[in-house]
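Welcome, and take a moment to look over the model before reading on. The notes below walk through its helices, its core and its surface.

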Amino acid sequence: MTTLFYITIFLFLGLSSLLCLVILIQESKSLGLGASFGGDSGNSLFGTSTAQVLKKFTAYLALFFMGAC
């Protein structure tokens, strides 16, 4: 029983970390803090076509996270 508990905790922490990572790599809607230091708001990490894919992936991860809670 304790093995199942630790596997569940490990998967939940992995899901939480992945959700945080996906949220952080999304492009912001405003210029944000990066523009203050000379960052270009027109460049995203993976190109321009991935914004919708990241939004959908974030939504699916959030639903799975809520279900896991």
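A contact here means heavy atoms within 4.5 Å. With that in hand, Thr-58 touches Leu-19, Val-22, Ile-23 and Gln-26, leaving aside residues up to four places away in sequence. Thr-58 sits in helix 2.

A word on the source: this is a predicted model, where local features need pLDDT of at least 70, side-chain atom pairs count only at pLDDT 80 or more, and totals for chains, interfaces and linings use all residues. Residues are numbered from 1 along each chain as its sequence is written, and side-chain values use heavy atoms, with hydrogens and water left out.

**Overall picture**

The protein chain has two helices and zero strands; both kinds of element are DSSP runs numbered from the N terminus, helices being H or I with at least four residues and strands E with at least two. Of the 69 residues in the chain, 10% are buried. Buried means under 20% relative accessible area, exposed means over 50%, and partly exposed lies in between (1.4 Å probe, protein chains only). The chain exposes about 5800 Å², with carbon and sulfur atoms supplying 72% of that area. Accessible areas come from the Shrake-Rupley method with a 1.4 Å probe, and for residues only the protein chains shown count as cover.

**Inside**

Which residues form the largest nonpolar core? Its five members are Leu-15, Leu-19, Val-22, Leu-54 and Leu-61.

**Outside**

If you are wondering about cysteines, a search of the whole structure finds zero disulfides (pairs of cysteine sulfur atoms within 2.5 Å).

Here is how some individual residues compare:

| Residue | Relative accessible area | Class |
|---|---|---|
| Phe-5 | 48% | partly exposed |
| Cys-20 | 49% | partly exposed |
| Thr-58 | 14% | buried |
| Cys-69 | 62% | exposed |

Methods:
Core = buried A, V, L, I, M, F, W, Y, C linked by side-chain atoms within 4.5 Å.
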